[in-house]
Amino acid sequence: MYTLAVCAEMVYRDLPIEERARRIHEAGFQVEIWDWTRHDLDALAQTPAEFSSMTGYIRGTLTDPDGAAELLRTAGESIKAPEHLGCPRLNLHGTGLDGAGLPVVPVTGEATGEMWITAHRTLTRLAELGESAGVTFTLENLNTAVDHPGVPFATAADTFSLVAAVDRPGLRMNLDLYHAQIGEGNLIELIRRAHGAGLIGEIQVADVPGRCEPGTGEINYPAVARALTDLGYDGTVALEAWPSGDSHTAMERFRAAFTL
């Protein structure tokens, strides 16, 4: 059976991050955070929370040699952070994002062949780095239509292709179903394909439109939960969503959608 987690960056936002983690834990979920450099990791480690994921780089991009070198360098710094929290996964994007979720180095049009080669080389080195440290890097798909225009390698098809090409246990997909619904749809078939290839490191969820908790939009998350159960998926499903009302109710709606 899969494990449920909640992103502490998006719930209880009037509270310090340590208190958010504590409340998420008390509700029975694992905890995810984003940019670890903004948090006191020692303080988070003193909470009883179990941490499942955090961002695995500070700056950089997969598209050009200089950006790739920076991504690798800051991933090397980030890989030390999970030691504080026992965190097994470090999340990646095609390029660094600013405070509004926009790419620091946007790409106009399709990624070139040279960009794909650079991404493959960089992700291979990241996978090796993760394996040596006992953690898994996960490459997250994003959407360019609503939230992240200009992000390279944004679609689930792109992340699938890159992770499959690297083909190392230190790199897996962070399959974000909110982003995939906006960009591609056909979510259950997407899950089946990625799971069948053994490429899923984590699944993230929010509803469409609005990026709120399951039950507030068009995605049939109970059907997704049944598909995951039928497939025997035993990884993490994480709520990365803005509460439509209060945070506790949002988390309970998430739990209900994924409890068969």
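Which residues does E140 touch, not counting residues up to four places away in sequence? The contacts of E140 are N91, L92, H93, T159, N174, D176, H179, Q204 and E240. Contact here means heavy atoms within 4.5 Å.

The model is predicted, so local features need pLDDT of at least 70 and side-chain atom pairs count only at pLDDT 80 or more, while totals for chains, interfaces and linings use all residues. Residues are numbered from 1 along each chain as its sequence is written, and side-chain values use heavy atoms, with hydrogens and water left out.

The UniProt record, an unreviewed entry, lists E140 and E240 under "active site". UniProt positions are given in the numbering used here, and such annotations may be inferred rather than shown by experiment. The two residues are spread over 101 residues of sequence, yet they cluster in space, with a largest C-alpha distance of 12.3 Å. Both E140 and E240 belong to the lining of the largest pocket.

E140 is found in strand β5, residues 136-140. Strands (E, at least two residues) and helices (H or I, at least four) are DSSP runs, numbered from the N terminus. E140 is buried, at a relative accessible area of 3%. Buried means under 20% relative accessible area, exposed over 50%, and partly exposed in between, with a 1.4 Å probe and protein chains only.

E240 is found in a loop, between β8 (236-239) and α10 (247-257). E240 is also buried. Its relative accessible area is 5%. Leaving aside neighbours within four places in sequence, E240 is in contact with C7, M10, W34, E140, D176, Q204, V205, A206 and R211. The side chains of E240 and W34 are joined by a polar contact of 2.9 Å. A polar contact is a pair of N or O atoms within 3.5 Å; within protein, one must be able to donate a hydrogen and the other to accept it, and residues adjacent in sequence count only if both atoms are side-chain atoms.

The largest pocket holds about 850 Å³ of space. Of its 37 lining residues, W34, H93, L97, D98 and G101 are the closest to its centre. A pocket is an open set of points on a 1 Å grid over the protein atoms alone, where a 1.4 Å probe fits, with protein on both sides within 12 Å along at least five of seven lines; lining residues have an atom within 4 Å of a point. Grid points are joined across faces, edges and corners, and the volume is the space filled by probe spheres set on them. The elements that give two or more residues to this lining are α1 (17-26) and β3 (51-55). β3 gives the most, with three residues.

E9 sits in the loop between β1 (3-7) and α1. E9 counts as buried, at 7% relative accessibility. Its side chain makes a polar contact of 3.1 Å with the side chain of R38. Residues that E9 touches, beyond four places away in sequence, include W34, R38 and W242.

Some backbone features lie in loops. A cis peptide bond joins V208 and P209, with omega about -5°. P209 is in the loop between β7 (200-205) and α9 (221-231). F153, in the loop between β5 and α6 (156-166), has a positive phi near 55° and is not a glycine. F153 is buried, at 4% relative accessibility. N186 also has a positive phi, of about 55°. N186 lies between α7 (177-183) and α8 (187-196), and is exposed at 58% relative accessibility.
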